[in-house]
Amino acid sequence: MPKMVLMQGDEAAALGAIRAGCRFYAGYPITPASEIAEVMSRELPKVGGVFIQMEDEIASAAAIIGASLAGVKSMTATSGPGFSLMQEAIGYAVMTETPTVFVNVMRGGPSTGLPTKPSQGDIMQARWGTHGDHAIIALYPSSVQEIYKYIITAFNLAEKYRTPVVFLMDETLGHMRENFIMPSEREVFIYNRLREEQIKEEEVFLPYETEEYAEPTPQPLVEMGKARFHVSGLIHDEAGFPMANPDIADRLVRRLVEKIRLHADEISIYDEYMTEDAEVLIIAYGITARSAMRAVKIARNDRIKVGLFRPITIWPVPRTRLKELLSRVNSVIIAEMNLGQYAHEVLSLTKNDVRVKLVNKVNGELITPQEILDAVTELQSGIVGYY
Amino acid sequence: MKTKQLLKYLRIDRWPTVWCPGCGNGIILKAFLEAVDQLKLKKDRIAVVSGIGCSSRATGYLDFNTMHTLHGRAIAFATGVKLARPEFKVIVMGGDGDLASIGGNHFIHACRRNIDLTVIVFNNMIYGMTGGQYSPTTPEEEYASTAPYGHIEKPFDIVKLALSAGATYVARATVYHYNLLVRYIKEAIEHKGVSVVDVISNCHTYFGRYNGMPEPYQMLEYFKTNSVTLQKAQTMSEEELEGKIVIGQFRKEEKPCYMDCYRELQKKAQGR
């Protein structure tokens, strides 16, 4: 029998993570992400996992990286101010290729901002928050069901590509309650870590060895133990030891970027609605995509050819498909609760003759379907015609 | 002990070290390895976590599970390692700047939690790697590259800090007192709960050069003549203790450590 559950978004993030095999959580209280910590503190000990409330977000980020390297799938959750504090550690996870999941339930910024209101202001911080050249994977679901589903994906991607994965949510998604059908065992794929027992005694383990540099795929991480490897945030050789050689530095930094960039199509997850014949393409993600969906339905009733593209992997940008769609439409609307952070990426893929309309909001309120429809009206008053 | 016997714990192929000739870090490292050898610990079951700085480079030379992490955050990383793998002996190595300044918050909270970690502070009273700036343990009136007119701040006493934050094993030695150092590190590793060993070490390159002791032997001589045992210190007045290094074991008490308490919590959560 399919099991229907009613869950809050934050709760779904916590329970989905446990389903994915997360057995260590370190965090620090912050609105609107605190419920994730609360659920973890209640649920993790039941399954033999460990929850700890650290002294700050810096320590939380460090602790989950330590636990992951030691062999346990780990996660933390925070919001804007805490996410800022975690950036140095995220860079360390990038450099040491440590699978970790960082949930950021976005609230209004900058600084303390609007702690209890939704925002999509950390899109660029998710991409470029930590210093230095690097690639990142960031997912952003649109419903409670998707939070549960895609946090499992986040853990799998973290393991497969040996990278920190940023899991974006927003205050509304975090606090809303929705029901959904709990996925069955068969519907859930879990990527498991290699155990210490699976490597041979005395086998020299090079944690950063890559066979094919042209198309790098990281080898899986083995938990700490028999192999006795070294990890460092310094530029390092394949064995993990500090090395300031220019060739090694160049090769490492490029590989860290390429291992995700070259697999962008594999990693990309997105959703489309009525894009087949669309002349106006709306691009929206997270909670805003739900208003956009409504706007498409209303516009279609008026026989306006509007479609929705919803990136779920915000980073890397699902470029291949997005480029294809952008080449077919005459207008594009990018709706987001920030002042055009993702528009920046979309516009780099858009031809000059495509008309562009941005719908932006930074007042702590959601973008309404009407606001998106107004943009459609404005655009179609020029180019888009009725049939 | 013959150094040769300890070579099996080192990644010899990663030598030479980045440390200056005569640096006290080598003495601390050897004392640590001698303690590990005496305890007959398995290399696979030891994790050593360090931050950033001269002393933190130690992890790269040790053949254990090693992590060279972020400046100040070694204790936080080590907390994750310990909670993920409670069967590991987890050692944190770092300097005074790393553990008492940028990492001071993690230090006091680890002490408060009584998490089963051994923290070895390579306390040379200066930032060595960045060029001799004053640290939280630089004594008043001493000179540093950022204290050209003499230092005006009161230093942290790492031992007092650890004691008041709740550490359950606290000891101090200097690199001059090698045998004592081995004993304290050994006891600290054996201790269940957080253990802190404050090791006063020589950075003759910076601290020494700025303060009239540019040769390693001069600093060791200084440690020798200015150290007093805890027993003797208890009979001395505050004025007499001015400028002295008090060495000894300051606390050793058995208390449930974090993971013991968490295991009880897990049982409760599972209704056992």
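# Exercises on a predicted two-chain model

At 9% relative accessibility, R73(B) is classed as buried (buried is under 20% relative accessible area, exposed over 50%, partly exposed in between, with a 1.4 Å probe and protein chains only). The model is predicted, so local features need pLDDT of at least 70 and side-chain atom pairs count only at pLDDT 80 or more, while totals for chains, interfaces and linings use all residues. Residues are numbered from 1 along each chain as its sequence is written, chains are lettered from A and ligands numbered from 1 in the order in which they are written, and side-chain values use heavy atoms, with hydrogens and water left out.

**Exercise 1.** Describe the place of R73(B) and what R73(B) touches.

Step 1. R73(B) sits in the loop between strand 2 (65-68) and helix 2 (74-84) of chain B; helices (H or I, at least four residues) and strands (E, at least two) are DSSP runs, numbered from the N terminus.

Step 2. Leaving out residues up to four places away in sequence, R73(B) touches I58(A), A62(A), I102(B) and H106(B), where contact means heavy atoms within 4.5 Å.

Step 3. The side chains of R73(B) and H106(B) are joined by a polar contact of 2.9 Å. A polar contact is a pair of N or O atoms within 3.5 Å; within protein, one must be able to donate a hydrogen and the other to accept it, and residues adjacent in sequence count only if both atoms are side-chain atoms.

**Exercise 2.** Describe the interface of chain A and chain B.

Step 1. In chain A, 43 residues are in contact with 38 residues of chain B.

Step 2. The two chains bury about 3300 Å² between them, 58% of it on carbon and sulfur atoms; buried area is the accessible area (1.4 Å probe) that two parts lose on being put together, summed over both. E55(A), M224(A) and R228(A) supply 21% of the area that chain A buries against chain B, more than any other three residues.

Step 3. Between chain A and chain B there are five salt bridges, each a side-chain nitrogen of Lys or Arg within 4 Å of a carboxyl oxygen of Asp or Glu. R228(A) forms a salt bridge with D44(B), with the closest N and O atoms 2.5 Å apart.

**Exercise 3.** How many disulfides are there over all chains?

Step 1. The count is zero, a disulfide being a pair of cysteine sulfur atoms within 2.5 Å.

Step 2. For C20(B), the nearest cysteine sulfur, that of C23(B), is 6.4 Å away.

Step 3. The sulfur of C203(B) is 6.5 Å from the closest cysteine sulfur, in C20(B), which is too far for a bond.
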